[in-house]
Amino acid sequence: MLENLFKLKENGTDVKTEVVAGFTTFMTMAYIIIVNPNILSAAGMPFNGVFIATIAGIILGTLAMAFLTNYPFALASGMGLNAFFAFYVCGALGVSWQIALGLIFIEGILFIILSILPVREMIVNSIPMGLKSGISAGIGLFIAFIGLQGAGIIISDEATLIALTPNLLSGAALVAVIGLVITGILMARGVKGSIFIGIILTTVIAWILTARGLIEGVVDIGAAGIFELPSVSDWAEIFGQLDIAGAFNISFIGILLTFLFVDMFDTAGTLIGVSQQAGYLDDEGNLPKASKALLADAIGTTGGALFGTSTVTTYVESASGVADGGRTGLTGVVVSILFFLSLFFLPLVKMIPGAATAPALIIVGTMMISNITKIDWDDFTEVLPAFMTMIIMPLAYSISDGIAFGFITYPLIKLFTGKGKEVHWLVYVLGIVFLAYFIWL
């Protein structure tokens, strides 16, 4: 049944590989079911209710992606967009979370329409191959930076903005370094499921070091129990409570466009980056079934708003499952099952420290940076836009900002070097749109 449904042999994989890849993706993105409720709580939403809504959005979006496209991509509430929702829209502007959810619902409906037309697919496939390679490599740098930062290896610094921690051999940083070495060795030896095995071994080591008093603040060994029933009554407070009528207000058009704009290019960047890593792009650099992938993303966003969570988008952590061999929608099904089970095993999920999953992000970043070899380094009109794309992503902490710089510099440098005819007309349009976005922002 699984072979017929997911074409495992055709995609060079098997059930075991897909299951391991699903576990790996789940491990690297499990943090969202804790982080997202914490962020949306600032908008006045109940933590336990958002916890359930977050998981419901993950399951809907990921299963839609699995069955519509047969791609191993997982979806969840987007980081950055949830902070924009809670701290700016609901916080600084004072918009109610009900209206904010209504705006996201409208955004999702618009995306469904654009995906069916298919305008979004045209946008994704119009991106030049050089920029696609830059996007993929940039995402690699970005998620590696997230891993280094999450592990406490890279910290903030008043003088230089960021710096290497002086406590590299203690606490979370030590655990992450150990995990990085273990996972690196497993990868180098060609062990299947290296990233997943690395996360498990690193978690065990973190617990042993904590139990012996050698490190502190990495895991809570005093946590009681592993089973906890979800609070459905809390979910009832936010499920279906979006205010669509209130969202139809001309004063909210700027907020709606921001949600729409950032989500569109975050999703496009992630799909391109992870698809290139998985080998899905065709000879012309286009993504087969792009419209279906974008439709799945739109379904996740629309359903997520109904469930009570911020914009659901394709997750860059999907690259960790791809790195562990995931090639079909079965990976997404496994991810969905694990997130469903996490509804009842929240204490167990909390046992996996961020320091144990950080090495996985760094390893995946290492693998994705290899896509820079696909850039034509003899053509500076290709090199500069690709470089701007990849360097801005980690430094601006935004996939969409990196894409914006690429789209602005690419047509300009081509146009003024006599190569303007090489550029797709839509790239010119998007370059102008991105420039207008920065001016308006």
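**Figure 1. Helix 6 meets helix 14.** Leu101, Ile104, Phe105, Glu107, Gly108, Ile109, Phe111, Ile112, Ser115 and Ile116 in helix 6 are in contact with residues of helix 14. Their partners there are Ser291, Leu294, Leu295, Ala298, Ile299, Thr301, Thr302 and Ala305. Contact means heavy atoms within 4.5 Å. Ala, Val, Leu, Ile, Met, Phe, Trp, Tyr, Cys and Pro count as nonpolar; Asp, Glu, Lys and Arg as charged; the others, Gly among them, as polar. The model is predicted: local features need pLDDT of at least 70, side-chain atom pairs count only at pLDDT 80 or more, and totals for chains, interfaces and linings use all residues. Residues are numbered from 1 along each chain as its sequence is written, and side-chain values use heavy atoms, with hydrogens and water left out.

**Figure 2. The angle between helix 6 and helix 14.** Helix 6 spans residues 97–116, and helix 14 spans residues 290–307. Helices (H or I, at least four residues) are DSSP runs, numbered from the N terminus. The two pack at an angle of about 160 degrees, with their axes 8 Å apart. Helix 6 is therefore roughly antiparallel to helix 14, a term for angles over 145 degrees. Axes are lines fitted to C-alpha atoms, for helices over the stretch in contact, and angles run from 0 to 180 degrees between N-to-C directions. The crossing of helix 6 and helix 14 is left-handed. That word applies if the near helix is turned anticlockwise from the far one by less than a right angle; clockwise gives right-handed.

**Figure 3. Helix 5 against helix 13.** Helix 5 (residues 81–92) packs on helix 13 (residues 253–278) at about 165 degrees, and their axes are 11 Å apart. So helix 5 is roughly antiparallel to helix 13. This crossing is right-handed. From helix 5, Leu81, Phe84, Phe85 and Val89 take part; from helix 13, Ile255, Thr258, Phe259, Val262 and Asp263. The contact holds 7 nonpolar residues, 1 polar and 1 charged.

**Figure 4. Met45 in the largest nonpolar core.** This core has 88 residues, and Met45 and Phe85 have the most contacts inside it. A nonpolar core is a set of buried Ala, Val, Leu, Ile, Met, Phe, Trp, Tyr and Cys residues joined through side-chain atoms within 4.5 Å. Helix 13 gives the largest share of the core, 13 residues. Beyond its neighbours within four places in sequence, Met45 is in contact with Leu40, Val50, Phe85, Trp97, Leu101, Ile238 and Gly308. Another core, of 20 residues, lies apart and includes Ile58, Ala74, Phe339 and Leu346.

**Figure 5. Thr270 in helix 13.** Thr270 belongs to helix 13. Its relative accessibility is 2%, so Thr270 counts as buried. Buried means under 20% relative accessible area, exposed over 50%, partly exposed in between (1.4 Å probe, protein chains only). Leaving aside neighbours within four places in sequence, Thr270 is in contact with Ile139, Ser275, Thr314, Tyr315, Val316 and Ile399.

**Figure 6. Leu430 in helix 21.** Helix 21 covers residues 425–440 and holds Leu430. At 7% relative accessibility, Leu430 is buried. Not counting residues up to four places away in sequence, Leu430 touches Ile123, Ser126, Phe265 and Phe407.

**Figure 7. Met367 in helix 18.** Helix 18 covers residues 354–368 and holds Met367. Met367 is partly exposed, at 24% relative accessible area. The C-alpha atoms of Met367 and Gly140 are separated by 7.4 Å, though the two residues are 227 residues apart along the chain.

Notes:
Parallel < 35°, antiparallel > 145°, perpendicular 65-115°, else oblique.
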